[in-house]
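Q: I'm new to this one. Can you walk me through it?

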Amino acid sequence: MIRIESVTKRYADGTVAVDDLTLDIPDGSITVLVGPSGCGKTTTLRMINRMIEPSGGRILLDGQDLAQQPVTALRRSMGYVIQNAGLFQHRTIVDNIATVPRMLGWDRGRARERARELMDRVGLDATLAKRYPYQLSGGQQQRVGVARALAADPPVLLMDEPFSAVDPIVRKGLQAELLRIQSELGKTIVFVTHDIDEAIKLGNMIAVMRTGGHLAQYAPPDELLSAPADAFVEDFLGTDRGIRRLSFFTSAGLDVTATPIVTADADAAQIAERTLPELPYLLVTDADGKPLGWAKAEDLAPRTDAGDGASTEDGASTADLLPHGRPFVLGQDSLRDALDCAVLSPTGWAVAVDGTGKVVGVTSQETIATAIRGAHAGRATKPAEPDADAPDAADTSAAGPAQAPATDGPAPDAPDGDADAPVKAAR
Amino acid sequence: MNILNFLNTFFSDGANWHGANGIPHRLLEHIQYSAVALAIAAAIGLPIGLFTGHTGRGGYALSAFATGARALPSFGLLVLMTIWLGQLGTTPAMIPLVALAVAPILVTTHEAIRSVDPAPVDAARGMGMTSPSVLFQVELPVALPLILGGLRSAAIQVVSTATIAAYISLGGFGRYIIDGLASHTYSDVVGGAVLVAGLALATIGVFWLVGRLVVSPGVRRGR
Ligand SMILES: Nc1ncnc2c1ncn2[C@@H]1O[C@H](COP(=O)(O)OP(=O)(O)OP(=O)(O)O)[C@@H](O)[C@H]1O
Ligand SMILES: [Mg+2]
């Protein structure tokens with residue numbers, strides 16, 4: 001564990017960048033330092049590998065005062081990733097990654113072999129090994145930076161805004177990759193960002209800092225969103241923290257119904273039977289159960305109008321379908337995803353699919369709202385028992401598996417994946 | 001008489017191709033003076049430039065020194081050194097040549113190291129590289145094209161200025177120019193000047209080749 005104990009940093013010009021900061025950084029998890037520009041995040045991070053020496057207080061690594069340790073050995077035991085990767089432009093990609101193993105005295109062959117392993121681990125194609133950094137995109141360079149930091153398998157990884165210089169799509173990919181790598185390696189990661197969304201996405205613990213180097217709040221993301229310590233933190237979190245907090249509630253156990261779902265060749269009887277009273281639409285799927293789109297029941301009915309010679313087809317012409325929007329993966333995506341799907345859906349109903357993209361059911365905004373109330377009441381530790389009439393009843397639902405849907409029709413197998421929130425899935 | 005005629009007279013004269021006053025011998029002398037002067041200047045300028053560039057210390061002193069060195073008249077220095085030191089072999093000629101070459105080497109080396117992107121240097125320190133390793137494994141390889149550029153301009157200046165060695169009865173291509181002026185043999189003057197210019201061009205070629213060999217392809221692009 002890294003323990004930052006009453007640490008202060010006063011620069012030569014008198015600037016107090018970090019003021020009496022105390023922080024326990026747990027092993028094997030991601031701790032994010034977040035806050036506005038100039039609040040002392042980088043200074044704090046760089047005191048951990050002694051790129052900057054504290055002016056007061058001390059930092060302990062597994063109980064040992066860092067100041068007592070030889071600085072090069074200390075740094076070699078901590079991976080370090082910076083904003084623009086900082087690759088060595090005169091070295092090839094493998095040799096960049098092999099830097100620390102080489103410093104530790106590994107022979108060239110073994111160091112390069114290790115470097116190639118890491119390229120694979122961070123999702124870099126092996127054909128890039130012999131390239132030079134200028135021949136890589138920014139996102140690829142950043143992956144090399146991460147691989148280089150991991151090369152000697154250090155227990156600690158320090159990352160200073162590693163993904164802030166790449167575009168949002170690449171950043172998302174890199175974040176997902178980091179979570180995946182972390183799930184395999186379980187490093188102690190200290191991650192600096194000024195982006196609260198990134199902090200919430202990546203952090204197991206989040207330290208919000210405020211200008212002047214003060215700690216404003218130190219909490220897991222869910223707690224940060226539900227109980228910001230003060231107005232500064234609340235403001236920093238932004239206006240939609242309630243919505244964002246839904247990311248931590250699993251959609252496992254959310255009620256979905258498979259009733260209003262038909263294939264494109266459904267006959268009139270099936271259509272009539274499957275139309276819900278509260279939903280004038282049916283979801284049309286292909287033969288594999290993949291969603292095609294929504295259609296009004298009357299549009300779906302096979303046309304019997306013999307006068308129109310061209311119209312001999314029965315069922316819906318897929319061109320007439322309303323788009324089904326992005327479905328959510330039941331049990332894997334969060335309630336936030338489910339709600340987002342419902343809000344964006346032309347019918348107001350979200351489409352739930354399984355991991356293979358097959359439709360398992362649809363669900364309304366009202367049902368999701370019920371689940372949200374239940375989840376809040378249950379502190380997001382389990383899927384809530386749906387009960388639209390008595391949301392408070394969710395308190396008593398500790399033992400309850402998902403209840404059968406209120407509507408008729410085959411209930412989808414509710415994925416009984418572990419209901420442990422928070423969900424920290426790579427998205 | 002035009003220049004081509006001078007050149008023809010000079011280069012077709014069989015006497016200019018052998019013996020102590022032949023072109024091959026003068027070429028060797030010229031290269032020798034230039035190479036020794038450049039080596040001494042590099043031995044002074046490179047380490048100081050690398051050190052000050054790496055530590056960031058002494059920037060002001062360096063630029064003051066460089067300005068001063070540029071203002072030194074090489075020929076005046078040569079005369080002064082000869083008066084002081086007498087005809088002590090090549091030494092009086094070496095001092096102005098070295099003085100001439102140290103400034104561009106020292107200043108460009110310092111600037112080249114200073115101008116290295118700070119991000120990889122920070123990364124290198126952060127991953128536990130020692131300070132000399134940072135200099136030699138991170139900063140120097142990246143700064144190499146600029147440093148070679150400094151060495152090259154020093155070398156060109158030395159090659160052209162080494163002609164003055166002839167003034168104190170030493171050899172090199174300067175012999176043709178000084179003697180030619182004294183005896184009004186203008187074909188020798190022009191021939192000597194062309195040889196000096198040719199050697200300067202060859203120097204550029206040598207540095208280009210060295211650059212191809214020692215600068216990493218990852219650094220070379222775009223320069
Ligand atoms: N070497 C230095 N000398 C003097 N002041 C400094 C120095 N480095 C940083 N500071 C000041 O210390 C404060 C904290 O800087 P720091 O770099 O830690 O901020 P940060 O939180 O990382 O900001 P950003 O998000 O912009 O990177 C700032 O006010 C900054 O101006
Ligand atoms: Mg910073």
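What follows is a short chat about chains A and B.

Q: What kind of model is this?
A: This is a predicted model.

Q: Start with chain A. How many helices and strands does it have?
A: Chain A has 15 helices and 16 strands.

Q: And how much of chain A counts as buried?
A: Chain A has 427 residues, and 51% of them count as buried.

Q: What share of its contacts join residues at least 24 apart?
A: Take the contacts in chain A between residues at least 6 apart in sequence. Of those, 63% join residues at least 24 apart.

Q: Give me one residue. Where is A:M209?
A: A:M209 sits in strand β9 of chain A, which covers residues 205-210.

Q: Buried or exposed, A:M209?
A: A:M209 counts as buried, because its relative accessibility is 0% and the cut-off for buried is under 20%.

Q: How far is A:M209 from A:K41?
A: In sequence, they are 168 residues apart. In space, the distance is 7.5 Å, C-alpha to C-alpha.

Q: Which residues is A:M209 in contact with?
A: Leave aside neighbours within four places in sequence. Then the contacts of A:M209 include A:V34, A:G35, A:P36, A:C39, A:G40 and A:K41. A:H214, A:L215 and A:F232 are also among them.

Q: Switch to a helix. Which residues of α14 in chain A are buried?
A: Helix α14 of chain A runs over residues 335-344. Its buried residues are A:L335, A:D337, A:A338, A:L339, A:C341 and A:A342.

Q: Now something between the chains. Where does A:H90 lie?
A: A:H90 is in the loop between β6 (78-81) and α3 (93-97) of chain A. A:H90 counts as buried, at 12% relative accessibility.

Q: What does the side chain of A:H90 reach?
A: The side chain of A:H90 reaches the backbone oxygen of B:Q137 at 2.7 Å.

Q: Which other residues is A:H90 in contact with?
A: Beyond its neighbours within four places in sequence, A:H90 contacts A:Y132 in chain A. In chain B, its contacts include B:V138, B:P141, B:V142, B:S216 and B:V219.

Q: On to chain B. How do α2 and α5 cross?
A: Helix α2 of chain B covers residues 23-55. Its axis and that of α5(B) come within 7 Å and cross at roughly 30°. The two helices are therefore roughly parallel. Their crossing is right-handed.

Q: What are the residues in that contact of α2(B) with α5(B)?
A: They divide into 19 nonpolar, eight polar and one charged.

Q: And how do α3(B) and α5(B) cross?
A: Helix α3 of chain B is residues 59-71, and helix α5 is residues 91-114. Their axes come within 9 Å and cross at roughly 150°. That angle is over 145, so they count as roughly antiparallel. This crossing is left-handed.

Q: Which residues of α3(B) and α5(B) meet?
A: From α3(B) come B:G59, B:L62, B:F65, B:A66 and B:A69. From α5(B) come B:A99, B:V102, B:A103, B:L106, B:V107 and B:H110. The residues of this contact divide into nine nonpolar, two polar and no charged.

Q: One last residue. Where does B:R175 lie?
A: B:R175 lies in helix α8 of chain B, residues 174-182. B:R175 is buried, with a relative accessible area of 13%.

Q: What does the side chain of B:R175 reach?
A: That side chain reaches the backbone oxygen of B:L170 at 2.5 Å. Not counting residues up to four places away in sequence, B:R175 touches residues including B:N21, B:R26 and B:A166.

Conventions
Residues are numbered from 1 along each chain as its sequence is written. Chains are lettered from A and ligands numbered from 1 in the order in which they are written. This is a predicted model: local features need pLDDT of at least 70, side-chain atom pairs count only at pLDDT 80 or more; totals for chains, interfaces and linings use all residues. Side-chain values use heavy atoms; hydrogens and water are left out. Helices (H or I, at least four residues) and strands (E, at least two) are DSSP runs, numbered from the N terminus. Buried means under 20% relative accessible area, exposed over 50%, partly exposed in between (1.4 Å probe, protein chains only). A polar contact is a pair of N or O atoms within 3.5 Å; within protein, one must be able to donate a hydrogen and the other to accept it, and residues adjacent in sequence count only if both atoms are side-chain atoms. Contact means heavy atoms within 4.5 Å. Axes are lines fitted to C-alpha atoms, for helices over the stretch in contact, and angles run from 0 to 180 degrees between N-to-C directions. Angles under 35 degrees count as roughly parallel, over 145 as roughly antiparallel, 65 to 115 as roughly perpendicular and the rest as oblique. A crossing is left-handed if the near helix is turned anticlockwise from the far one by less than a right angle, and right-handed if clockwise. Ala, Val, Leu, Ile, Met, Phe, Trp, Tyr, Cys and Pro count as nonpolar, Asp, Glu, Lys and Arg as charged, and the others, Gly among them, as polar.
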